[in-house]
Number of protein chains: 2
Amino acid sequence: MREVYQEQLGKLADELASMSTMVGTAMELATKALLETDLELAEQVIEDDVQVDEARARAEEHAFGLLALQAPVASDLRTVISTIHAAEDLERMGDLALHVAKSARRRHPNAVLPPDVQPYFAEMGRIAVKLAGRVHSVIRTQDVEAARGLEEDDDEMDDLHRHLFTVLMSPEWSHGVAAAVDVTLLGRFYERFADHAVSVARRVVFIVTGKMPTG
Amino acid sequence: MREVYQEQLGKLADELASMSTMVGTAMELATKALLETDLELAEQVIEDDVQVDEARARAEEHAFGLLALQAPVASDLRTVISTIHAAEDLERMGDLALHVAKSARRRHPNAVLPPDVQPYFAEMGRIAVKLAGRVHSVIRTQDVEAARGLEEDDDEMDDLHRHLFTVLMSPEWSHGVAAAVDVTLLGRFYERFADHAVSVARRVVFIVTGKMPTG
């Protein structure tokens, strides 16, 4: 019984790890589409999002199967419920990459971003992809220290996001209101992507230690 | 056994219903604080948000207890997992009301909203509060038709949100970039609040019918 449970739990972790790869790739391509005004790339991200949704549905089905057949209790039960939550976070990360891609598509053939904020998004994209990679490795290794390391990347994202706002709000902003609205929403998408990555890492810490980190 | 299960499930529904009341009140007061530049009210919403978080933790604990002691299968299992998801949606609705209140506090004693967009937010606030009330009644009655009715309110919210963007982007916008950034984020908070309300209603439909509505 225990062996079957461990095997099924391993499969569930595989699914989450694969989802983290998908959403990291989606955010990488969406950022590229945004920075390079690449419609084809944007379309690809938009088209591929359904795969993330399907992976999430599969993960949830497996978790259901595990709960129904194994009826785990105590920490095993918490582990399975945490994977259901983690799958939801990962699906949301996919949605946020999708929003970035849709923004790039909406303004095509124009660029969404004025040149002077492009470096911010290049950097926020880099951190987002790094976070997705770290989520993958945390799911694989269940390394609690590595999981806590994600909080630092998230702080970096928050700093960039705050700084982006000072740029937007400064009297030197010369790109008008429409560009500011786009930049505001895009900034929020990257920030939320990072929040959900941290949330997945916290759930792994919870699975390993039995305690939910606060912060 | 079955009776105990039904009783515990009833308690769980009570907790969700009470959460929907809390987040409806939070959004009502946050909108008032925003429109009337009322710092005290904003502070109250910010302070009270911890009660939503606690209610969510309690709901999740009860759901865990139910899973561990009753080991429900099939549709009963789906019901319990759906309540865990619904509690998460409701907590997020509380967070979004909190964001509105924080925005009002951040700009105090100035108003966040230029006078000409205030009617939009009065209306989006009204719909948000109505949605929270409908969520409460759907949880209480498990009325599938009423649950589907939420989609119409959400469409109304989306229309308002889209219209708000045309106001922001129009050449007549005379309030500058900083106000546009605030209005953009605030608009998104109301829109997401409505999305999560619809998500809770869909989970109730799923509990009752065994089928997740798409759309």
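What follows is a short exchange on a predicted two-chain model.

Residues are numbered from 1 along each chain as its sequence is written, chains are lettered from A and ligands numbered from 1 in the order in which they are written. In this predicted model local features need pLDDT of at least 70, side-chain atom pairs count only at pLDDT 80 or more, totals for chains, interfaces and linings use all residues, and side-chain values use heavy atoms, without hydrogens and water.

Reader: Is B:Arg56 buried or exposed?

Author: B:Arg56 sits in helix α2 (residues 39–70) of chain B. Helices are DSSP runs of H or I with at least four residues, strands are runs of E with at least two, and both are numbered from the N terminus. Buried means under 20% relative accessible area, exposed over 50%, partly exposed in between (1.4 Å probe, protein chains only). The value for B:Arg56 is 14%, so this residue counts as buried.

Reader: Which residue of chain A is in contact with B:Arg56?

Author: Contact means heavy atoms within 4.5 Å. Neighbours within four places in sequence are left aside. In chain B the partners are B:Met19, B:Ala87, B:Glu88 and B:Glu91; in chain A the partner is A:His85.

Reader: Which residues does A:Met22 contact?

Author: A:Met22 belongs to helix α1 (residues 2–36) of chain A. At 23% relative accessibility, A:Met22 counts as partly exposed. Beyond neighbours within four places in sequence, its contacts are A:Gln51, A:Val52 and A:Ala55.

Reader: What is omega for the peptide bond between A:His108 and A:Pro109?

Author: Most peptide bonds are trans. The bond joining A:His108 and A:Pro109 is cis. A:Pro109 lies in the loop between α3 (74–107) and α4 (118–141) of chain A. Omega is about 5°.

Reader: What is phi of A:Gln142?

Author: Most residues other than glycine have a negative phi. A:Gln142 lies in the loop between α4 and α5 (144–169) of chain A. A:Gln142 is partly exposed, at 40% relative accessible area. Its phi is positive, near 55°.

Key
Least-squares fit on C-alpha atoms with pLDDT ≥ 70 in both.
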